[in-house]
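Subject: Handover of a structure

Dear colleague,

Please find the structure below, together with its sequence.

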Amino acid sequence: MTTTPLTRYDRGMLRLMNDRRSRPLYATAARRRLVVAAHLVLTAAIGGLLTYFFFAEGEPIWAFVVVVVLLLPWMVATGVINAATRGLLELRERALDERQSAERARVQARAHRAMTVLLGATAIAAGLSTAGAADGSLPTAPAAAVLVAVLAVHWLMPLWVAGLTAQDEPAEDDSPAP
């Protein structure tokens, strides 16, 4: 197996993803879970506000302003999760070692299984709501919003799974080797 040499971009991203200055933000599993939960809540809030902005009557410009304000903490939380996983999903395959490559495959498989369950539940809910409609049709606006929400979750699920399954790093030992 031949390895492709790392590009300048790869080396820069590797350096960025392995920068340990933000380690206190994700040093424990509880902190990582908290960051993932905050990211999930921010994603839901942004999605809900964008849905309101696009489907509400009148001028709901306040919703768009709140979305812009929420994007900063959302981006910070994304960066913390990426740092906690050392760029597991952001780095190119050639920048990962064998252990990281295997972990990426595990994370993607778990995320795929979770998305399968979510999509199945969404399909069942859509079927039940269609069955309850008088003419048997699903309203277009809510269906579009649900589709966008499921797409966003599909895109972010591997990041959330990686953040939730990241292992604690071993404590640094300052004692000299024998």
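This is a predicted model: local features need pLDDT of at least 70, side-chain atom pairs count only at pLDDT 80 or more; totals for chains, interfaces and linings use all residues.

Overall fold

The protein has five helices and zero strands, so that, by the run-based assignment of elements, the order from the N terminus is α-α-α-α-α. Of its 178 residues, 28% are buried. Among contacts with a separation of 6 or more, 70% join residues 24 or more positions apart. The protein exposes about 11900 Å², and 67% of this area is supplied by carbon and sulfur atoms.

Interior

The largest nonpolar core holds 27 residues, and the members that touch the most others are Met157 and Trp160. Two or more residues of this core come from each of helix 2 (29-55), helix 3 (61-84), helix 4 (98-132) and helix 5 (140-165). Helix 3 gives the largest share, with nine residues. Leaving aside residues up to four places away in sequence, Met157 touches Ala111, Ala114 and Met115. There is also a second, separate core of five residues, and Met13, Leu91, Ala95 and Leu96 are among them.

Surface

Which residues make the nonpolar surface patch of about 450 Å²? The patch is formed by Ile61, Phe64, Val65, Val68 and Val69. Val69 belongs to helix 3. Is Val69 buried or exposed? Val69 has a relative accessible area of 56%, and therefore counts as exposed, the cut-off being over 50%. Phe64, another residue of the patch, has 37% relative accessibility and so counts as partly exposed.

Aromatic rings

A pair of aromatic rings is described by the distance of the centres and the angle of the planes. The count for this protein comes to three aromatic pairs. One of these pairs is formed by Phe53 and Phe64, whose centres are 5.3 Å apart with 35° between the planes, a tilted arrangement. Phe53 lies in helix 2 and Phe64 in helix 3, 11 residues apart, and the pair thus links distant parts of the chain. Phe53 is partly exposed because its relative accessible area is 23%, which falls between the limits of 20% and 50%.

With kind regards

Definitions and conventions
Residues are numbered from 1 along each chain as its sequence is written. Side-chain values use heavy atoms; hydrogens and water are left out. A nonpolar core is a set of buried Ala, Val, Leu, Ile, Met, Phe, Trp, Tyr and Cys residues joined through side-chain atoms within 4.5 Å. Buried means under 20% relative accessible area, exposed over 50%, partly exposed in between (1.4 Å probe, protein chains only). Helices (H or I, at least four residues) and strands (E, at least two) are DSSP runs, numbered from the N terminus. Contact means heavy atoms within 4.5 Å. Patches are made of residues with over 30% relative accessible area and no salt bridge: like charges are joined within 9 Å, nonpolar side chains (Val, Leu, Ile, Met, Phe, Trp, Tyr) within 5 Å. Accessible areas come from the Shrake-Rupley method with a 1.4 Å probe; for residues, only the protein chains shown count as cover. A salt bridge is a side-chain nitrogen of Lys or Arg within 4 Å of a carboxyl oxygen of Asp or Glu. Rings of Phe, Tyr and Trp (its six-membered ring) pair if their centres lie within 6.5 Å; planes under 30 degrees apart count as stacked, over 60 as edge-to-face and the rest as tilted.
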